[in-house]
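Hi,

Here is the structure I promised to pass on. Have a look at it first, and my notes follow below.

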Amino acid sequence: MTTEQTIKLDQFLKLKGIASTGGQAKMIIQSGDVEVNDAMEIRRGRKLHQGDSVTVMGEMFVVNFDDP
C-alpha cells in the first residue's frame with residue numbers, strides 16, 4: 001500500500017514564495033483570499049494532494065510533487 005504525498009496549505013504558500021513565514025501564510029489564508037479547487041479555504045492545515053489547484057489573490061498554482 002502506498003501513502004499519498006500531501007503538503008499543508010500554509011507550507012505550500014511558503015514553498016511557492018507567496019508567504020515568507022508561517023504567520024504571514026496564516027494571515028493570507030484567514031483573510032479569505034485563498035481557494036483550493038475553486039472553494040474558499042480558511043484552514044491553514046488543509047492537506048493538499050497532487051493536482052489540487054490553489055488560487056491566491058487571483059493567481060493559480062497547481063500542486064505538483066514532481067517539480068524540483
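This is a predicted model: local features need pLDDT of at least 70, side-chain atom pairs count only at pLDDT 80 or more; totals for chains, interfaces and linings use all residues.

Which residues are buried in helix H2 (residues 22-30)? They are Ala25, Ile28 and Ile29, where buried means under 20% relative accessible area, exposed over 50% and partly exposed in between, with a 1.4 Å probe and protein chains only. These three sit on the same side of H2, because they cover an arc of only 95 degrees around the axis, the arc being that of the directions from the helix axis to the C-beta atoms. An α-helix has 3.6 residues a turn, so residues three or four places apart point the same way. Met27 and Gln30, on the other side of H2, are exposed.

Residues are numbered from 1 along each chain as its sequence is written, and side-chain values use heavy atoms, with hydrogens and water left out.

Helices (H or I, at least four residues) and strands (E, at least two) are DSSP runs, numbered from the N terminus. The buried residues of H2 pack against helix H1 (9-15), strand S2 (34-36) and S5, with contact meaning heavy atoms within 4.5 Å. Just after H2, Gly32 has a positive phi of about 90 degrees.

As for S5 (residues 53-56), it runs antiparallel to S6 (residues 59-62), and four bridges join them; strands pair if DSSP finds at least two bridges between them. Ser53 has Val62 as its bridge partner in S6.

Cheers
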